[in-house]
Amino acid sequence: MGAEVSREGMSGETGLGDLPEGCLAEIMLRLDPPEICRLARLCRAFHGAASSDLVWEAKLPGNYSYLLGKVLENENSRGRKLSKKEIFALLCRRNAFNGSNTEFFLEKNRCLICISISSKELLITGINDRRHWNFIPTPESRFHMVAYLHQTWWLEVRGELEFCFPEGMYSLFFRLHLGRAAKRLGRRVCSPEHIHGWDKKPVKFQLSTSDGQFAQSKCYLDEPGSWIHYHVGDFISRSCNIPINIKFSMIQIDCTHTKGGLCVDSVSILPKGFQPAFDPVTFSTA
């Protein structure tokens, strides 16, 4: 008799899905966004908690309104219609700003910003002289176009960006390729026709910021046929609400020899330690 009563008292089983939504939200506050999305698939209670503004506002960078303004034409009216989860998802997409040649997205784990700047947005000495440079279409670029160098004595590529970065450390890269890639009979081939001069002198990379940070490095360009992210240097964002103006360059102006056969795709600004599409090249710091 006593045993039967005991079994009846245990008949109403409980599980994680019976936890209060507020309790589940407190747990999710301590998780990364990808982990929250995986938990949301467990049951209805987890899904509800994973959709709350409490959880996602804590994952958004402090200047998310500024970032949203880069995406939406009317930040105030549109922003009120979006949940914090929707805002987070929107910022994690690749969003063009300042025209179509610059884009950013929110890196999901650390909630820092990644930026790509097309070669079309860079100041390239001699770019209007078709004897030296021309823009060529390619599916190997995110922007579907790269600047191709036939030959020059004076290599100078410069760029500038002003942006409010979430607090953290960032790295800047140039994405370059020696040789002109194409497809023949369904296979990728690389033409070495114009590649020359890169083993004579190193290329100098440099960045500086409006708050006094500076970095420079240099290396010889090599590995024809491969896209390489050349690491220029690092900088720190100390306030998400103060814009940082970044100037960067790639220069090889030794006029004792010509150089050519170089594709300039883009410049990337990424959270420190975040791996670009290809591993960055390590080289000496000047």
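Predicted model: local features only at pLDDT ≥ 70, side-chain atom pairs only at ≥ 80, totals over all residues.

User: How many bridges join E6 to strand E15, and in which sense do they run?

Analyst: E6 and strand E15, residues 262-271, are joined by 3 bridges and run antiparallel. Pairing takes at least two bridges, so with 3 bridges E6 and E15 count as paired. One spot to look at is leucine 149, which stands opposite leucine 262 in E15.

User: What makes E5 and E6 a pair?

Analyst: The cut-off is again at least two bridges. E5 and E6 have 5 bridges in the antiparallel sense, so they pair. For example, isoleucine 136 has valine 146 in E6 as its bridge partner.

User: Why is E6 described as largely enclosed by the rest of the structure?

Analyst: Because 4 of the 5 residues of E6 are buried. Buried stands for under 20% relative accessible area.

User: Where is arginine 142, and why is it called partly exposed?

Analyst: Arginine 142 is in the loop between strand E5 (133-137) and strand E6 (145-149). Its relative accessible area is 40%. Buried would need under 20% and exposed over 50%, so a value of 40% makes arginine 142 partly exposed.

User: How do you know that the side chain of arginine 142 makes a polar contact with the side chain of glutamate 103?

Analyst: The distance is 3.3 Å. A polar contact needs N or O atoms within 3.5 Å, one able to donate a hydrogen and the other to accept it, so this pair qualifies. Leaving aside neighbours within four places in sequence, arginine 142 is in contact with Arg94, Glu103 and Ser116.

User: Why is the pair of phenylalanine 174 and phenylalanine 248 called edge-to-face?

Analyst: There are 12 aromatic pairs in the count. In this one, the ring centres are 6.2 Å apart and the planes are at 70°.

User: What makes arginine 180 count as sitting over the ring of tyrosine 148?

Analyst: The charged end of arginine 180 is 5.6 Å from the ring centre of tyrosine 148. The cut-offs are 6 Å from the centre and 35 degrees from the ring normal, so 5.6 Å meets the distance part. Lysine 120 likewise lies over the face of phenylalanine 135, at 4.3 Å from the ring centre.

Conventions: Residues numbered from 1 in each chain as written. Heavy atoms only, no water. Helix = DSSP H or I, 4+ residues; strand = E, 2+ residues; numbered from the N terminus. Buried < 20%, exposed > 50% of the residue type's maximum accessible area, 1.4 Å probe, protein only. Contact = heavy atoms within 4.5 Å. Phe/Tyr/Trp six-rings, centres within 6.5 Å; stacked < 30°, edge-to-face > 60°.
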